Amino acid sequence: MRVRAFRTPFTHLRTGRTLLALLTAILADGINLGLTRMADVSPGLTMRQLA
(Lines give C-alpha, C1' and ligand atoms only; values in the text may rest on other atoms or scores of the structure.)
Protein backbone atom coordinates (compact mmCIF):
# COMPACT_ATOMS: atom_id res chain seq x y z
CA MET A 1 0.00 0.00 0.00
CA ARG A 2 2.91 2.40 0.51
CA VAL A 3 3.74 2.33 -3.19
CA ARG A 4 0.19 3.32 -4.06
CA ALA A 5 0.33 6.23 -1.61
CA PHE A 6 3.57 7.42 -3.18
CA ARG A 7 2.21 7.19 -6.74
CA THR A 8 -0.98 9.13 -6.03
CA PRO A 9 0.51 12.64 -6.48
CA PHE A 10 2.04 11.48 -9.78
CA THR A 11 -1.24 10.28 -11.29
CA HIS A 12 -2.88 12.11 -14.18
CA LEU A 13 -6.18 13.50 -12.95
CA ARG A 14 -8.21 12.84 -16.10
CA THR A 15 -6.84 9.48 -17.24
CA GLY A 16 -5.80 8.02 -13.89
CA ARG A 17 -2.51 6.80 -15.42
CA THR A 18 0.70 7.01 -13.44
CA LEU A 19 3.26 9.38 -14.93
CA LEU A 20 5.84 6.63 -15.43
CA ALA A 21 8.39 8.77 -17.29
CA LEU A 22 8.42 11.30 -14.45
CA LEU A 23 8.91 8.65 -11.77
CA THR A 24 11.65 7.00 -13.85
CA ALA A 25 13.46 10.32 -14.32
CA ILE A 26 13.31 10.97 -10.57
CA LEU A 27 14.71 7.50 -9.89
CA ALA A 28 17.54 8.01 -12.42
CA ASP A 29 18.50 11.25 -10.72
CA GLY A 30 18.27 9.72 -7.26
CA ILE A 31 20.64 6.86 -8.07
CA ASN A 32 22.95 9.00 -10.25
CA LEU A 33 22.37 6.81 -13.29
CA GLY A 34 21.65 9.55 -15.81
CA LEU A 35 18.79 9.77 -18.26
CA THR A 36 20.60 8.16 -21.19
CA ARG A 37 21.53 5.04 -19.25
CA MET A 38 18.10 4.88 -17.61
CA ALA A 39 16.44 5.03 -21.03
CA ASP A 40 18.65 2.16 -22.16
CA VAL A 41 17.42 -0.10 -19.35
CA SER A 42 13.78 1.05 -19.33
CA PRO A 43 11.66 -0.74 -21.93
CA GLY A 44 9.21 1.57 -23.64
CA LEU A 45 10.83 4.83 -22.50
CA THR A 46 13.15 6.98 -24.57
CA MET A 47 15.71 9.56 -23.53
CA ARG A 48 13.46 12.26 -24.97
CA GLN A 49 10.52 11.17 -22.80
CA LEU A 50 12.66 11.21 -19.68
CA ALA A 51 14.10 14.63 -20.50
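A polar contact is a pair of N or O atoms within 3.5 Å; within protein, one must be able to donate a hydrogen and the other to accept it, and residues adjacent in sequence count only if both atoms are side-chain atoms. Keep that in mind as we walk through this predicted model, where local features need pLDDT of at least 70, side-chain atom pairs count only at pLDDT 80 or more, and totals for chains, interfaces and linings use all residues. Residues are numbered from 1 along each chain as its sequence is written, and side-chain values use heavy atoms, leaving out hydrogens and water.

Let's start with Ser-42, in the loop between α3 (35–41) and α4 (47–50). Helices here are DSSP runs (H or I, at least four residues), numbered from the N terminus. A polar atom of the Ser-42 side chain lies 2.7 Å from the backbone oxygen of Met-38. Is Ser-42 buried or exposed? Buried means under 20% relative accessible area, exposed over 50%, and partly exposed in between (1.4 Å probe, protein chains only). Ser-42 counts as buried because its relative accessible area is 12%.

Now look at the loop between α1 (2–7) and α2 (20–30), where you will find Leu-19. Pro-9 is in the loop between α1 and α2 as well. Pro-9 has 63% relative accessibility, so Pro-9 is exposed, while Leu-19, at 36%, is partly exposed. These two residues are 10 apart along the chain, and their C-alpha atoms are separated by 9.5 Å.

Finally, follow α2 itself: its buried residues are Leu-23, Thr-24, Ala-25 and Ala-28. Just after α2, Asn-32 has a positive phi of about 55 degrees.

Key. Helices (H or I, at least four residues) and strands (E, at least two) are DSSP runs, numbered from the N terminus.
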